[in-house]
Structure formats: structure tokens, C-alpha cells
Amino acid sequence: MPPRREPYGRCTPVTGVRPLDVRRAATEMAMPEMTDPTPAMVSFEEALTNGQVGVRRCELDRDLYADADAVNGVQRFAYVRLDGATVTTFVNAALAPPVEGLPCFQFGCAVPVSFRRRGLATSTLKAAIAEMRNGFGRAGIEAFYVEGIVHVDNVPSRRVSERAISTVPVTDAPTGLPALQYLRKIEAERLGRGST
């Protein structure tokens, strides 16, 4: 079982961050850029192995573990599936500029080569979004956006984003790179309400 760190409590992505803090921080962010989440996955696994980071089992998907932190005041979340101490799937979500006045989280997925082509990235990304929806609803955030910025030539990541975020990408103008933006508004679960 992975090490546990108490400050994050349940798998609630807003632990220690009030909804207004999330919105304020989002307005101060620069435009998103494409990044490869693989180095973050490797770094996260090393930190997990060395006991520098702890994860908590999530509420909705008991095979998913989460960690939350902030870097330079920017909230970010990591969701992982594990095989012992080995990360089999890594999904990170970082606060991005707001969309229509709502918080937006940009997602990245990484899967080690030996675990690819099993649907793990798609299932983990969907599960991470569901956990955020659940946690944000409890924290009083009624809606937020999820986003994926994917290079046009990255067909596997495009498929993951199409299955988990949106089937209708748009050309991503902010990065100036040949990329697609996948964007979806999520209605937080609150008192039994559904999502879009």
C-alpha cells in the first residue's frame, strides 16, 4: 500500500484551498502550453518511492490514488494507478486561466511504455475528472472546465482527450503550436445533481 499523508484527507482536490482562492489564482495565470507529462510521472514515482510524497485512496474509484499541492501558488493535482510502488498511469491537473469566469484545469496523462494500449489513460482521466467533480461539489464549486492541449500529431493523446474530455476539438491559438484544444464544462455533483 502506498504511503499516506494526512493533510490531504479524503480524495478531495480542494483540501486547504477555498473556492475563491482557486478562482483568484486562475486569473493570475499565464496561457497554457503543451507539455509532456512523462517527466512529471517519473519524478512523482521517484518521490513516492522515496517517501517524499504521499497519496490517498480516492472515494469513487478505490483503485485510484491522489495527491494535491501548489507550486508558486498554483493548485495542481496528481492522480495515479499503481501496481505496487510502480505508477501504471499518471494524470495531472493544473489550474489554468479561467473559462467564462469558471476555474479551468488543464490535464496531462502519461503511461509507461509497458502499460500502454490498455485504455489506462482514458479510464484514469475519466476517473480523475469524476473525483474532482465530487470534491468540488462538496466544496461549493458548482462548475469548472477541464482542458487538454494536444499536439496534432499525437494521435494516442488525441484519442484519450476525445474519449474523456470532448469529441469536438478546436485549434489551439494561445500556444501558437499545431495543437488541438479539448474543453468541457463539468457541473459539480451537489446534492444529487448530475453533470454535463
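Ring pairs join Phe-77, Phe-105, Phe-136 and Phe-144 into a cluster; rings of Phe, Tyr and Trp (its six-membered ring) pair if their centres lie within 6.5 Å, and planes under 30 degrees apart count as stacked, over 60 as edge-to-face and the rest as tilted. The structure is a predicted model, in which local features need pLDDT of at least 70 and side-chain atom pairs count only at pLDDT 80 or more, while totals for chains, interfaces and linings use all residues. Residues are numbered from 1 along each chain as its sequence is written, and side-chain values use heavy atoms, with hydrogens and water left out.

**Sheet**

- Eight strands form an open sheet of mixed pairing, in the order 1-2-3-4-5-6-8-7. Helices (H or I, at least four residues) and strands (E, at least two) are DSSP runs, numbered from the N terminus, and two strands pair if DSSP finds at least two bridges between them.
- Strand 1 (56–57) and strand 7 (170–171) are the edge strands, each pairing on one side only.
- Strand 5 (residues 102–110) pairs with strand 6 (residues 143–151) in the parallel sense over three bridges.
- Cys-104 has Tyr-145, in strand 6, as its bridge partner.

**Helices on the sheet**

- Helix 3 (residues 120–138) packs on the sheet and touches strand 3 (74–83), strand 4 (86–99), strand 5, strand 6 and strand 8 (179–187); contact means heavy atoms within 4.5 Å.
- The direction of helix 3 makes about 130 degrees with that of strand 3. Axes are lines fitted to C-alpha atoms, for helices over the stretch in contact, and angles run from 0 to 180 degrees between N-to-C directions.
- Buried means under 20% relative accessible area, exposed over 50%, and partly exposed in between (1.4 Å probe, protein chains only).
- Just after helix 3, Gly-140 takes a positive phi of about 90 degrees.
- Helix 4 (residues 155–164) lies across strand 5, strand 6 and strand 8, at about 25 degrees to strand 8.

**Aromatic pairs**

- The count of aromatic pairs comes to six.
- Among them, Phe-44 and Phe-90 form a tilted pair, 5.7 Å centre to centre with 50 degrees between the planes.
- This pair links Phe-44 in helix 2 (residues 38–49) to Phe-90 in strand 4, 46 residues apart. Phe-44 and Phe-90 are both buried.
- The ring centres of Phe-105 and Phe-136 are 5.4 Å apart and their planes are at 40 degrees, so the pair is tilted.
- Phe-105 in strand 5 and Phe-136 in helix 3 are 31 residues apart, and both are buried.
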